[in-house]
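Please read the points below with the model open.

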Amino acid sequence: MSFIAEYSLSNHPIMRTARRRVPEVTVEVEDEQPDRHDGSHLTFRASGATSALERFFEALADDRSIGEFERLSTVSDRCLFRVRLSPEGERGMTYVDAFELGVTFLEIELRAEAVRYRAHFPSREALSAYRERCEERELTFSLRRLYRSEDGAAERYDLTPRQTAVLRRALERGYFDVPRKVSTEELAEEFEISSQALSALLRRGQRTILRDAFGDEE
């Protein structure tokens, strides 16, 4: 039986310096591209007051878990940015471990004291194996909640809540109609994100559904 687990990983190295220096900034993972050779690339959305965001990026420059970073876009009090992890940061990259065990990350929020996850697990055995891999990385695993998903579409296709919301709204507004009835920019305004971030959510959501439909075929 599959289920949703909410848990936290403490002693997590990714952006630890910046997170602790500026705890009022909320940071969420938008995308993960693992690469053990040249450094994994992660895209984040940071939210907070303008002054706090500036202090956060100043701290990020001193963070040993980050090889380099770039700001992609800024909308109001939100900033989309991408980082390349350093070897130290790679210790906190559990994406490949999760993928190998059939685990899908639904939400990842980086806080000052720990990194909080919401993930879909195919079985309790997968949860146990994932926990062991975290401990091998010296990441302290703390389970907070375990439950069945109430969102049939999200559970069936392993979509994140944000992907589900964006795809559902795009369908309702006629984004997939011919001719298209709403633009990417208009949808992005509804979710208060950049058009680039919305396009990424749409692409990843559609890719997830297509992979479920066609398996691993290229």
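1. The second largest cavity of this predicted model holds about 70 Å³ of space. Its lining is made up of Arg45, Ser73, Thr74, Val75, Arg78, Cys79, Leu80, Glu192, Ile193, Ser194 and Ala197. Two or more of these residues come from strand S4 (66-75), and the other element to give two or more is strand S5 (78-85).

2. How do the residues lining the second largest cavity divide by class? Five are nonpolar, three are polar and three are charged. Arg45, Arg78 and Glu192 are in this lining and belong to residue types counted as charged.

3. In total, there are two cavities of 30 Å³ or more. The volume of the largest cavity is about 90 Å³. It is lined by 15 residues, and those closest to its centre are His12, Ile14, Glu32, Leu42 and Tyr117.

4. Which elements each supply at least two residues to the lining of the largest cavity? They are strand S2 (26-33), strand S3 (41-47), strand S6 (104-110) and strand S7 (115-121). The largest share, three residues, is that of S6.

5. The class make-up of the largest cavity's lining is 11 nonpolar, three polar and one charged residues. Glu32, one of the residues closest to the centre of this cavity, is of a type that counts as charged.

6. Turning to the backbone, Met15 has a phi near 55°, which is a positive value in a residue other than glycine. Met15 sits in the loop between strand S1 (3-10) and helix H1 (16-21). Is Met15 buried or exposed? Met15 counts as buried because its relative accessibility is 0%, and the cut-off for buried is under 20%.

7. Glu138 is not a glycine either, yet its phi is positive, at about 65°. The loop that holds Glu138 runs between helix H5 (124-136) and strand S8 (140-147). With a relative accessibility of 55%, Glu138 counts as exposed, since that class begins over 50%.

8. Where is there a cis peptide bond? Such a bond joins Val178 and Pro179, with omega at about 0°. Pro179 is in the loop between helix H7 (161-173) and helix H8 (184-191).

9. Met15 is buried, whereas Glu138 is exposed.

Key: Residues are numbered from 1 along each chain as its sequence is written. This is a predicted model: local features need pLDDT of at least 70, side-chain atom pairs count only at pLDDT 80 or more; totals for chains, interfaces and linings use all residues. Side-chain values use heavy atoms; hydrogens and water are left out. Helices (H or I, at least four residues) and strands (E, at least two) are DSSP runs, numbered from the N terminus. Buried means under 20% relative accessible area, exposed over 50%, partly exposed in between (1.4 Å probe, protein chains only). On a 1 Å grid over the protein atoms alone, a cavity is a set of points where a 1.4 Å probe fits but cannot get out, and a pocket is an open set with protein on both sides within 12 Å along at least five of seven lines; lining residues have an atom within 4 Å of a point. Grid points are joined across faces, edges and corners, and a volume is the space filled by probe spheres set on the points.
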